[in-house]
Amino acid sequence: MKSFYRMVLVVGLVLTSALVYGSDMDHAGIVKSLDGEVLIFRNDQILKAEQNLRLLEGDVIQTGPNGKAGLILEDDTVISMGFNSKIAIKNFMFQPHEKKLSFISRVFYGTVSFLSGQIAKLAPKQVIIETPYATIGSRGTHILIKVD
């Protein structure tokens, strides 16, 4: 009987550590807050954003003329989007125990604030923000971008 409990404990610890370190992550983050019109373009679908909606790699997030959104990624990166803004999560990988870390985002237009998370701390050269005019490599903690 004791060996059964030990086995259950070991399986539980393995599953818990996989969740904590993001090894089987199926999403990049969530929509934490929103106001007004916020849309998610995913493959051939257009989704109306809702609080706690999971964001996937490849998603394009767009706010309308009265919309704003707060996004939190799995590595604790915080993204704030103002009115009439559009960004894409081009690449997101957060598997620190395997040293697989990457965050590439594209700001098409609008005002977007990035507060860096764990990827920027563990692998700063792997955080890249693209704009129509330049590519930004984040080495700091807070970036505000405005693209007209």
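1. Phe92, Phe103 and Phe114 form one aromatic cluster. Rings of Phe, Tyr and Trp (its six-membered ring) pair if their centres lie within 6.5 Å; planes under 30 degrees apart count as stacked, over 60 as edge-to-face and the rest as tilted. A search of the whole structure finds two aromatic pairs. Phe92 and Phe103 make an edge-to-face pair, with 6.1 Å from centre to centre and 75° between the planes. Phe92 lies in strand β8 and Phe103 in strand β9, so this pair ties together parts that are 11 residues apart in sequence. The rings of Phe103 and Phe114 have centres 6.3 Å apart and planes at 55°, so that pair is tilted.

2. A word on the basis of these values. The model is predicted: local features need pLDDT of at least 70, side-chain atom pairs count only at pLDDT 80 or more, and totals for chains, interfaces and linings use all residues. Residues are numbered from 1 along each chain as its sequence is written, and side-chain values use heavy atoms, with hydrogens and water left out.

3. Buried means under 20% relative accessible area, exposed over 50%, and partly exposed in between (1.4 Å probe, protein chains only). Phe103 has 2% relative accessibility. Phe114 is buried too, at 3%.

4. Now the overall layout. The protein chain has two helices and 12 strands. Helices (H or I, at least four residues) and strands (E, at least two) are DSSP runs, numbered from the N terminus. Along the sequence the pattern is α-β-β-β-β-β-β-β-β-β-α-β-β-β. Buried residues make up 36% of the 148 residues. The accessible surface comes to about 8,900 Å², and 57% of that surface belongs to carbon and sulfur atoms. Such areas come from the Shrake-Rupley method with a 1.4 Å probe; for residues, only the protein chains shown count as cover.

5. Contact means heavy atoms within 4.5 Å. Take the contacts between residues at least 6 apart in sequence: 52% of them join residues at least 24 apart.

6. Which residues touch the most other members of the largest nonpolar core? They are Ile61, Leu71, Ile79 and Phe114, in a core of 29 residues. Elements that give two or more residues to this core include β2 (38-42), β8 (86-95), β9 (100-115) and α2 (118-122). The largest share, five residues, comes from β9. A nonpolar core is a set of buried Ala, Val, Leu, Ile, Met, Phe, Trp, Tyr and Cys residues joined through side-chain atoms within 4.5 Å. In soluble globular proteins, nonpolar side chains tend to be buried together.

7. Ile61 deserves a look of its own. Strand β5 (residues 60-63) runs antiparallel to β2, joined by four bridges. Three bridges join β5 to β8, again antiparallel. There, Lys86 in β8 is the bridge partner of Gln62. Two strands pair if DSSP finds at least two bridges between them.

8. Ser85 lies in the loop between β7 and β8. At 0% relative accessibility, Ser85 counts as buried. A polar atom of the Ser85 side chain lies 3.1 Å from the backbone oxygen of Gly82. A polar contact is a pair of N or O atoms within 3.5 Å; within protein, one must be able to donate a hydrogen and the other to accept it, and residues adjacent in sequence count only if both atoms are side-chain atoms. Beyond four places in sequence, Ser85 is in contact with residues including Ile61, Gln62, Tyr109 and Val112.

9. Where is Arg42 found? Arg42 is in strand β2. Arg42 is buried, with a relative accessible area of 16%. A polar atom of the Arg42 side chain lies 2.7 Å from the backbone oxygen of Arg54. Not counting residues up to four places away, Arg42 touches Leu47, Arg54, Leu55, Leu56 and Asp59.

10. Two loop residues have positive phi. Asn43 is not a glycine, yet its phi is about 55°. Asn43 lies in the loop between β2 and β3 (45-48), and is exposed at 78% relative accessibility. Asn84, in the loop between β7 and β8, has phi near 50°. At 40% relative accessibility, Asn84 counts as partly exposed.
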